[in-house]
Amino acid sequence: AQIPVFICLYRAFRELANDNLIEEPFLWIPNLEGPVYGEQTPAWLFQNWQGTTPPLGWHDTLLFMSIPAILVLAQTVSMRLLSPPADTAKDPAAATTDRILAYL
């Protein structure tokens, strides 16, 4: 039942792009177009720093970087909630595998 939701989101974002409204802020994100504003490279984060200030400024950079941090946090919580407790006392190989899989 999730496919209709994704189709609706796709159509909504397509309409926003057609109406040139994708430059509007959404929740805490300063611009729906993203931090690259047209070019799809990580240069916005690693190049053109003015001293200790990123090109977008600290405020916008931290707002855009909060998205991957929230994603990692959500995936970690989801994995811990959904994985069954392992019996590490009986099988140390399974414990090692679980520790490795936690970082993949």
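Contact means heavy atoms within 4.5 Å. In this predicted model, Glu23 is in such contact with Pro30, Asn31 and Glu33, leaving aside its neighbours within four places in sequence.

## Basis of the report

Residues are numbered from 1 along each chain as its sequence is written, and side-chain values use heavy atoms, with hydrogens and water left out. The model is predicted: local features need pLDDT of at least 70 and side-chain atom pairs count only at pLDDT 80 or more, whereas totals for chains, interfaces and linings use all residues.

## Overall architecture

The protein chain has 4 helices and 0 strands; helices (H or I, at least four residues) and strands (E, at least two) are DSSP runs, numbered from the N terminus. Along the sequence, the pattern reads α-α-α-α. The radius of gyration of the protein chain is 20 Å, well over the 13 Å that the globule rule gives for 104 residues, so the chain is more spread out than a compact globule. This radius is taken over C-alpha atoms, and the globule rule is 2.2 Å times the number of residues to the power 0.38. The C-alpha trace spans about 60 × 45 × 20 Å along its principal axes.

Of the 104 residues in the protein chain, 14% are buried. Buried means under 20% relative accessible area, exposed over 50%, and partly exposed in between (1.4 Å probe, protein chains only). The accessible surface of the protein chain comes to about 8600 Å², and carbon and sulfur atoms hold 66% of it. Accessible areas come from the Shrake-Rupley method with a 1.4 Å probe; for residues, only the protein chains shown count as cover. Among the contacts in the protein chain with a separation of 6 or more, 25% are between residues 24 or more positions apart.

Helix 1 comprises residues 3-18 and includes Val5. Val5 counts as partly exposed because its relative accessibility is 48%.

On the surface, Ile3, Val5, Phe6, Ile7, Leu9 and Phe13 form a nonpolar patch with about 580 Å² of accessible area together. Patches are made of residues with over 30% relative accessible area and no salt bridge, like charges being joined within 9 Å and nonpolar side chains (Val, Leu, Ile, Met, Phe, Trp, Tyr) within 5 Å. A salt bridge is a side-chain nitrogen of Lys or Arg within 4 Å of a carboxyl oxygen of Asp or Glu.

## The loop between helix 1 and helix 2

Glu23 lies in the loop between helix 1 and helix 2 and, at 53% relative accessibility, counts as exposed. Glu23 and Gly34 are 11 residues apart in sequence, and their C-alpha atoms are 8.5 Å apart in space.

Leu27 belongs to the loop between helix 1 and helix 2 as well. Leu27 is exposed, with a relative accessible area of 67%. Most residues other than glycine have a negative phi. Leu27, although not a glycine, has a positive phi of about 50°.

## From helix 2 to helix 3

Asn48 is found in the loop between helix 2 and helix 3. Its phi is positive, at about 65°, although Asn48 is not a glycine. Asn48 counts as exposed because its relative accessibility is 58%.

Leu56 is placed in the loop between helix 2 (43-46) and helix 3 (58-82). With a relative accessible area of 22%, Leu56 is partly exposed. Leu56 and Val77 are 21 residues apart in sequence and 30 Å apart in space, C-alpha to C-alpha. Thr61, in helix 3, is buried, with a relative accessible area of 4%. Leaving aside its neighbours within four places in sequence, Thr61 is in contact with Trp44, Leu45, Pro54 and Leu56.

## The aromatic pair

The structure holds 1 aromatic pair. The ring centres of Trp49 and Trp58 are 5.6 Å apart and their planes stand at 80°, so the pair is edge-to-face. Rings of Phe, Tyr and Trp (its six-membered ring) pair if their centres lie within 6.5 Å; planes under 30 degrees apart count as stacked, over 60 as edge-to-face and the rest as tilted. Trp49 is partly exposed, with a relative accessible area of 35%, and Trp58 is partly exposed, with a value of 43%.
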